[in-house]
Amino acid sequence: MSIPSLSALPIRRLTPRDLVACADLSEDRGWPREEHKWGLLLAGGTGYGIDDPDGGLVTACVVTEYGPRERPELAAIGMVLVAGRHARRGVGRRLMRHVVEDTGTTPLTLHATAYGRPLYEELGFKAIGRAEMVRGVFISDDSASGVFTRPATAEDLASVLRLDEEVFGTDRTPMIARLPAFADQLRVAEENGRIIGYAAAWPNMATQVVGPLIARDTKTAKALVSSLAAHTDRPLRTDIDTRHEDLLGWLKERGLASVGFNAVMTHRIPELPGDWTRRFAPLTVAAG
């Protein structure tokens, strides 16, 4: 395929029917297929992609908007992928330019690898922080935390949504309301009948990803992670804001090792909304 014909291919919206093609694209670039995660993102967000005339997708990404539907207050961009056979031909740049234009004035955020960061900076994104991915078999912490945790119930959803909006800085009901079906575990931390934190653990290949992790303080975050780990035999994986040094140090003491770092970037806003001191880990780096 020539470069002119590649550049002329239309960008279209993806739907859940494109899940297999998206998973194929992930696999093509050496990523896990992550069909479970793709299913959530395509159902709760807006996918963008370019079809390959020879089959499959040339490129794809997903945008997850938060806040009022008619005027989103934040949008997270993730899963930006280009098929290996079309790499370094400008198609990823073209897709990202389209997404930035299509989102209008909505503030944007994304987690960038070292490889993708130069493109995002070219498009106007600025790094505002870092997240560290850690992964491993959690070693049980037998010390009493003093924080009560339990499985979430349907009656907890309204309280969880209120807490999440307060901490995240905008309403993300369409994604958080999907957690009971998406996650293997959804647990809350409670004090005097009031929810002071919550966390989910969801399946991702051979691991359980911990996210979101929202908690009143580090002690509560540790209790939630410990309770999730106690109910799975899989290794844990999570992405922690590097400002939470105490939690990161504790996780490494408990058997999780650093896998790598992503730059947290924003466009059209200088900082993310909400309260970072209580926001420990994203739902997924692809959706914030």
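How many bridges join β8 to β9, and do these strands run parallel or antiparallel? Seven bridges join β8 to β9, and the two strands run antiparallel. The structure is a predicted model, and the protein in it has 10 helices and 13 strands.

**The protein as a whole**

- The C-alpha trace spans about 65 × 35 × 30 Å when it is laid out along its principal axes.
- Of the 288 residues, 51% count as buried, while the accessible surface comes to about 13000 Å², with carbon and sulfur atoms accounting for 51% of that area.
- Among contacts between residues at least 6 apart in sequence, 72% join residues that are at least 24 apart.

**Strand β8 and its partners**

- Strand β8 covers residues 185-191 and is mostly covered, since six of its seven residues are buried.
- On one side of the pairing list stands strand β7 (residues 148-151), which is joined to β8 by four bridges and runs antiparallel to it; within this pairing, P151 has R187 of β8 as its bridge partner.
- The other pairing described here is with β9, where L186 stands opposite A200.
- Strands β8 and β9 form a hairpin with two residues between them, and N192, which lies in the turn, has a positive phi of about 50°.

**Aromatic pairs and charges over rings**

- With ring centres within 6.5 Å taken as the limit for a pair, the count comes to four aromatic pairs.
- One of these is formed by Y120 and F125, whose ring centres are 6.1 Å apart and whose planes stand at 70°, so the pair is edge-to-face; both Y120 and F125 are buried.
- F182 and W202 form a tilted aromatic pair, with 5.1 Å from centre to centre and 45° between the planes.
- Because F182 lies in helix α8 (residues 179-182) and W202 lies in strand β9 (residues 194-204), this pair ties together parts that are 20 residues apart in sequence; F182 and W202 are both buried.
- Two arginines have been placed over aromatic rings: the charged end of R172 sits over the ring of F168, 3.9 Å from its centre, and R243 lies over the face of W276, at 4.1 Å from the ring centre.

- S26 lies in helix α2 (residues 19-28) and is buried, with a relative accessible area of 0%.
- Apart from neighbours within four places in sequence, S26 is in contact with W31, P32, R33, W38, M79 and L81.
- H36 lies in helix α3 (residues 35-44) and counts as partly exposed, at 35% relative accessibility.
- When residues up to four places away in sequence are not counted, H36 touches F182 and P203, and F182 is also the ring that pairs with W202.
- H36 and L19 are 17 residues apart in sequence, and their C-alpha atoms are 9.2 Å apart in space.

**Backbone features to note**

- The peptide bond that joins G211 and P212 is cis, with omega at about 0°, and P212 is found in strand β10 (residues 207-215).
- R88 is not a glycine, yet it has a positive phi of about 60°; R88 is found in the loop between β4 (74-82) and α4 (91-102), where it is exposed, with a relative accessible area of 75%.
- R268 is another residue other than glycine with a positive phi, in this case near 80°; R268 has its place in the loop between β12 (257-267) and β13 (279-281) and is partly exposed, with a relative accessible area of 33%.

Technical notes. Residues numbered from 1 in each chain as written. Predicted model: local features only at pLDDT ≥ 70, side-chain atom pairs only at ≥ 80, totals over all residues. Heavy atoms only, no water. Phe/Tyr/Trp six-rings, centres within 6.5 Å; stacked < 30°, edge-to-face > 60°. Buried < 20%, exposed > 50% of the residue type's maximum accessible area, 1.4 Å probe, protein only. Lys NZ or Arg CZ within 6 Å of the ring centre and 35° of its normal. Contact = heavy atoms within 4.5 Å. Areas by Shrake-Rupley, 256 points an atom, 1.4 Å probe, with all protein chains shown as cover. Pairing = 2+ DSSP bridges.
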